[in-house]
Amino acid sequence: MKLSFYYWGMQCPLHSEILRLLDAYENRLEISRVDITGQPDVAWAQRMFFPMLTVVDNTRRYFSPLNRDFLESVCRGNLPKEEPYRPTLGGLPVNGQLEPLTEQNICLTAQCTGCQNLGRERAGWLRNQGITGAFGIVNRQGNRLLGGAEFVPSAIVPYDVPKRPDTAFLTCLYGSAPEADHKSGPLCALEQMLRQDYRRLIAVTDEDGVFPNGNLAVFLRNGYQDLGCIRQEPGYCRLHLVEKELR
């Protein structure tokens, strides 16, 4: 079987682990790896709005991180069904300590992905993308990561979204809990941080699921304008573009 893995650089630290995992299946699958960094034409052709996309035999599309069980199933000729992740989300904002996400504390985000040793690698990639200050805001309680919000300048985003010098793009909004909203605090703090350099913040979010960034209700509660559905993946997600004026 043919497996094509499209990924946006080190935007997600899981990419390094996935690329290493794919090396182990070179003799069992026809694998191609495509980094869409700086390649909006490729992202457009694949209709990508996630940091990673797996296409099996040019037809079946998958959006979740690859793992060994998935690859073993594909090797056997079985194409798994991907279910959207739609956890119950609390609506009451709860903040711990809100602080800028930098190279010094980026390893905290390992609690979101499980990647213990790749924070520095990702920080280096972000610096190479021209980000000179903080990468975002984290919401922490001691050494426990509650949530976070991260961004890049929209000009470097490979997805088919508006790209303007005065517009930032929200790459990650995370922290899902049934008892509390851990996302709104870092999102609002990120808006404050970006206000000096950007006029607006845009994001792509699912209507119901939390990948990417969702759900839509979180953004609507925080004063974002819904610019409409920009992509539908049948059985998995309906993606919306949202925007907020910062000044």
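Here is a walk through the structure above, from its cores to its charged and aromatic pairs.

A word on the ground rules: this is a predicted model, in which local features need pLDDT of at least 70 and side-chain atom pairs count only at pLDDT 80 or more, while totals for chains, interfaces and linings use all residues. Residues are numbered from 1 along each chain as its sequence is written, and side-chain values use heavy atoms, with hydrogens and water left out.

Let's start on the inside. In soluble globular proteins, nonpolar side chains tend to be buried together. Here, the largest nonpolar core has 53 residues, and Val161, Leu170 and Leu201 have the most contacts inside it. A nonpolar core, by the way, is a set of buried Ala, Val, Leu, Ile, Met, Phe, Trp, Tyr and Cys residues joined through side-chain atoms within 4.5 Å. "Buried" means under 20% relative accessible area, "exposed" means over 50%, and "partly exposed" is in between (1.4 Å probe, protein chains only). Strand β8, residues 167–174, gives the most to this core, with six residues. Helices (H or I, at least four residues) and strands (E, at least two) are DSSP runs, numbered from the N terminus.

Have a look at Leu170. Leaving aside residues up to four places away in sequence, Leu170 touches Ala149, Glu150, Phe151, Leu187, Leu190, Leu201, Ile202, Ala203, Asn213 and Phe219; a contact like this means heavy atoms within 4.5 Å. Apart from the 53-residue core lies another core, of 19 residues, with Tyr7, Leu19, Ile31 and Met52 among them.

Next stop, helix α3. An α-helix has 3.6 residues a turn, so residues three or four places apart point the same way. In α3, Phe70, Leu71, Ser73 and Val74 are buried. These residues cover an arc of only 160° around the axis, which puts them on the same side of α3; the arc is that of the directions from the helix axis to the C-beta atoms. And what covers them? The cover includes β1 (2–7), α1 (14–23), β3 (52–56) and β4. At the N-terminal end, Asn67 caps α3, with a side-chain oxygen 3.2 Å from the backbone nitrogen of Asp69. That is a polar contact (a pair of N or O atoms within 3.5 Å; within protein, one must be able to donate a hydrogen and the other to accept it, and residues adjacent in sequence count only if both atoms are side-chain atoms). Just after α3, Gly77 takes a positive phi of about 90°.

Now for the charges. The structure holds 15 salt bridges, each a side-chain nitrogen of Lys or Arg within 4 Å of a carboxyl oxygen of Asp or Glu. One of them joins the side chains of Glu233 and Arg61, at 2.8 Å from N to O. Glu233 lies in strand β10 (residues 225–233) and Arg61 in strand β4 (residues 60–62), so this pair ties together parts that are 172 residues apart in sequence. Both Glu233 and Arg61 are buried. Arg61 is also touched by Gln46, which is found in the loop between α2 (40–45) and β3 and is itself buried, at 18% relative accessibility.

With Glu243, the closest N and O atoms are 3.7 Å apart, and the pair ties strand β9 (residues 200–206) to strand β11 (residues 237–245), parts that are 43 residues apart in sequence. Arg200 counts as buried at 13% relative accessibility, and Glu243 is buried at 14%. With Glu245, the N to O distance is 3.3 Å; this partner is partly exposed, at 43%. Salt bridges that share partners join Asp166, Arg200, Glu243 and Glu245 into one network.

Finally, the rings. Rings of Phe, Tyr and Trp (its six-membered ring) pair if their centres lie within 6.5 Å; planes under 30 degrees apart count as stacked, over 60 as edge-to-face and the rest as tilted. The count comes to 12 aromatic pairs. Tyr85 and Phe211 are stacked, at 5.8 Å centre to centre with 25° between the planes, and tie together parts that are 126 residues apart in sequence. Tyr85 is partly exposed at 47%, as is Phe211 at 44%. The rings of Phe219 and Tyr224 have centres 5.2 Å apart and planes at 85°, so that pair is edge-to-face. Phe219 is buried at 0%, and Tyr224 is buried at 5%. Elsewhere, Trp8, Phe49, Trp125, Tyr159 and Phe169 form one aromatic cluster.
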